[in-house]
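Hi,

Here is the structure I said I would pass on. Have a look at it first, and then read my notes below.

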Protein chains: 2
Amino acid sequence: MTDLIQLGKQAKSASSQLALLETSRKNDLLEKMATALEEHIPAILEANEKDLSRAADYGISDTMQDRLRLTKQRIMDMSAGIRQIATLPDPIGEVDKMWKTVDGLMIGQQRVPLGVIGIIYESRPNVTTDAASLCFKSGNSVILRGGKEAIHSNQKLVAILQDSLIENDFSPYAIQLITDSSYEVANEFMRLNDYLDVLIPRGGANLIRRVKENATVPVIETGTGNNHIYIDSDIDLQMALNIVVNAKVQRPSVCNAIETILVHEAIAPTFLPAIETVLLAENVALRGDEKALTYLTNATLATQEDFETEYLELILAIKVVSSLDEALNHINQYSTRHSEAIITNNYFASQRFLNEVDAAAVYVNASTRFTDGFMFGFGAEIGISTQKLHARGPMGLNELTSTKYIVYGNGQVRS
Amino acid sequence: MTDLIQLGKQAKSASSQLALLETSRKNDLLEKMATALEEHIPAILEANEKDLSRAADYGISDTMQDRLRLTKQRIMDMSAGIRQIATLPDPIGEVDKMWKTVDGLMIGQQRVPLGVIGIIYESRPNVTTDAASLCFKSGNSVILRGGKEAIHSNQKLVAILQDSLIENDFSPYAIQLITDSSYEVANEFMRLNDYLDVLIPRGGANLIRRVKENATVPVIETGTGNNHIYIDSDIDLQMALNIVVNAKVQRPSVCNAIETILVHEAIAPTFLPAIETVLLAENVALRGDEKALTYLTNATLATQEDFETEYLELILAIKVVSSLDEALNHINQYSTRHSEAIITNNYFASQRFLNEVDAAAVYVNASTRFTDGFMFGFGAEIGISTQKLHARGPMGLNELTSTKYIVYGNGQVRS
């Protein structure tokens, strides 16, 4: 059985070194790791082949096998990702604000690493190098626990990164992998409070729920998205059609795609037949409530379950509402608080929607597909937080940091 | 048995109203609540008397009884605290930053309430009004769960606040109290994920541990402080004496007091006899390691346990170290990462200490007693976070908020 306490101690020790590392040295080590990946493409592909050959035994679907599969190009993309992270600004050491108190103390709030970050994820091996390099750049040690389907790929990738660190005189314990795929070890990992500063689960709703229910270490919940677009009564029709198609069709399997549209009854007779035409052309199955069905020719009746479901596929639920209030109520009842949008020409409707919808990202007249660290301009992304504590929305390097107060005195005592 | 789901639903519903409340209206409601407390002093004292009369049955010490006791002055202080919170700036609605992406989206990060905050605390009834008013001002509903020793006082206080809200046409569910003191209800409260956005335990180490181990909702850990002052070789002797005495003696029972001093061997022959004289005059018991004992006349031998203990009373552990490195190692091993200080005239020692000590607040030449929301200038304090996630150090109104991204588009879709 994996000795998690040993991994934890090693990670903590490496994190003290990492916290003090100059930015130039961190960037150099990241560049070296990227090069090492490129130099070991055949070995990585060989390890990945082992995982793929066992995939059928695990009953893994073709879609999932595609996520698991590495190619030369995908490995080059992974190394390019690491180089990209090396070019990003280093948040560590920044003093966000500094002020003088009435007692004459100078107090600064300085950005520091979190310490040791745990990541639990599923079958995509690119998460291994993404997460490792993001944590490294932000000065954190990382302990990775990927899915058993990708274990050979992940072991090879982490070994290459660790060897590169050793060759360049840095502790390999900055990046570690849990190789035991048992539930017992995963559960122990979630309770490793003495060594883990935070645990970030990345994956489907079941994984997230299991971590939330079992973890005693602080968790940042990521990503399920039961997202909506509300089509107000006064709209630019073509813009509304473009945005709905983009948000549903461009990449339906991701968390920032939409699952339901809410359509104001005044625009329904115009909008619904038009959107049906374009969505059917994109092979989207439509499920409408009773009112919606009166304007749709190829839709089935939506149930309550439809409005609760994050389909992650080419299905769209449609509900006709009589007012902005009804739309807001529906959203605040069914939304997983990820990304929500309104399409409107009306100033007051846009302001009410921005104020009254409780979600990580609230849009006016744009596709929800932009909820993403890269699209937001953060240059990287470790996941999208759907909780309100610590970080909300796309998380980049800044969200992998904490702060400490540094206090300069000249003899002050408290009276 | 208390229906926590009902309380949760009510809190959530009230939080939607609270989130949209204008600052002037929030301040007005806070002022009204302060007045209501002042108008009901006899009733509050009567309820408090019931708690005090049962205190002996619960085997409560005199010190704890003093914490539980209310007086007219203490109630006036509580109402003054609420009025003070009414005068503080309202963080809700602030847009910390706003930028334009390459796609032309305007993205702002806007401060919003967390939603529903749970507070678990012990016997001090002033926490009831403090926590209620801080959560209210920051736009959050609160569910309070105080100690059974203070149940009558807390019920009366919350009833007065709720009545004041009702009289002023606002939902009383913004401030609720769990009246069932059983462990079962406390444990259910810690797992109320559908309704609680965060749980903040305030109290001793046992309470914090129990919450950390049982909670599935996000927790902000507050306050144990095994704090140190390191006395470097080159110091202003009188300043060092003043700071150590202040940090140990001024209020030994609180989390920002110190428990151990580390003294550089070069200054030990001068500093230790001097500090012994002033600390003995203040009735502080000294426990030194072997080296320290050679300079002390009235100290006992410190054990490893001494260095691990947060005494919270007039006892000080003393260790002589041969270097800054040895001091840093000791601190990073034994510290609970609350508040740590160095006394030094040396620039490089001060910089290394600030960089290498991992704690919520790190001081140069000042007393650790300043780690406090009021002393930091936040105008209020809900507790002192010793974890790294979400908030670290003193937490004021800002730390009771989250953010959401508001995104202004004009038809953008993702390509």
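Predicted model: local features only at pLDDT ≥ 70, side-chain atom pairs only at ≥ 80, totals over all residues.

Residues are numbered from 1 along each chain as its sequence is written, chains are lettered from A and ligands numbered from 1 in the order in which they are written, and side-chain values use heavy atoms, with hydrogens and water left out.

Let's start with one residue. A:Leu389 has a relative accessible area of 5%, so it is buried. You'll find A:Leu389 in the loop between strand 14 (383-385) and strand 15 (393-395) of chain A; helices (H or I, at least four residues) and strands (E, at least two) are DSSP runs, numbered from the N terminus. What does A:Leu389 touch, leaving aside residues up to four places away in sequence? The list is B:Leu114, B:Val198, B:Pro218, B:Val219, B:Ile220 and B:His390, where contact means heavy atoms within 4.5 Å.

That brings us to where the two chains meet. In total, 71 residues of chain B are in contact with 71 residues of chain A. The size of an interface is often given as the accessible area lost when the parts come together. Here chains B and A bury about 5600 Å² between them, with 55% of it on carbon and sulfur atoms; buried area is the accessible area (1.4 Å probe) that two parts lose on being put together, summed over both. On the chain B side, B:Leu389, B:Tyr405 and B:Arg414 lose the most area to chain A, together 16% of what that side buries.

Side chains of opposite charge can pair when their charged atoms come close. A salt bridge is a side-chain nitrogen of Lys or Arg within 4 Å of a carboxyl oxygen of Asp or Glu. Between chain B and chain A there are two salt bridges. A:Arg414 and B:Asp372 form a salt bridge through their side chains, at 3.4 Å from N to O.

Which element of chain B gives the most to the side that touches chain A? That is strand 16 of chain B, with eleven residues. By residue type, this side of chain B divides into 34 nonpolar, 22 polar and 15 charged; Ala, Val, Leu, Ile, Met, Phe, Trp, Tyr, Cys and Pro count as nonpolar, Asp, Glu, Lys and Arg as charged, and the others, Gly among them, as polar.

Strand 16 of chain B also pairs with strand 13 (residues 361-366) of chain A, in the parallel sense and over five bridges. Two strands pair if DSSP finds at least two bridges between them. In this pairing, A:Ala366 has B:Gln412 as its bridge partner.

A:Arg287 lies in strand 9 and A:Asp306 in helix 13 (residues 304-308) of chain A, so the pair ties together parts that are 19 residues apart in sequence. Are the two partners buried or partly exposed? A:Arg287 has a relative accessible area of 27%, so it is partly exposed, whereas A:Asp306 counts as buried because its relative accessibility is 6%.

Over all chains the structure holds 34 salt bridges. One of them joins the side chains of A:Lys26 and A:Asp90 at 3.0 Å, N to O, and both of these residues are buried.

Definitions and conventions
Buried < 20%, exposed > 50% of the residue type's maximum accessible area, 1.4 Å probe, protein only.
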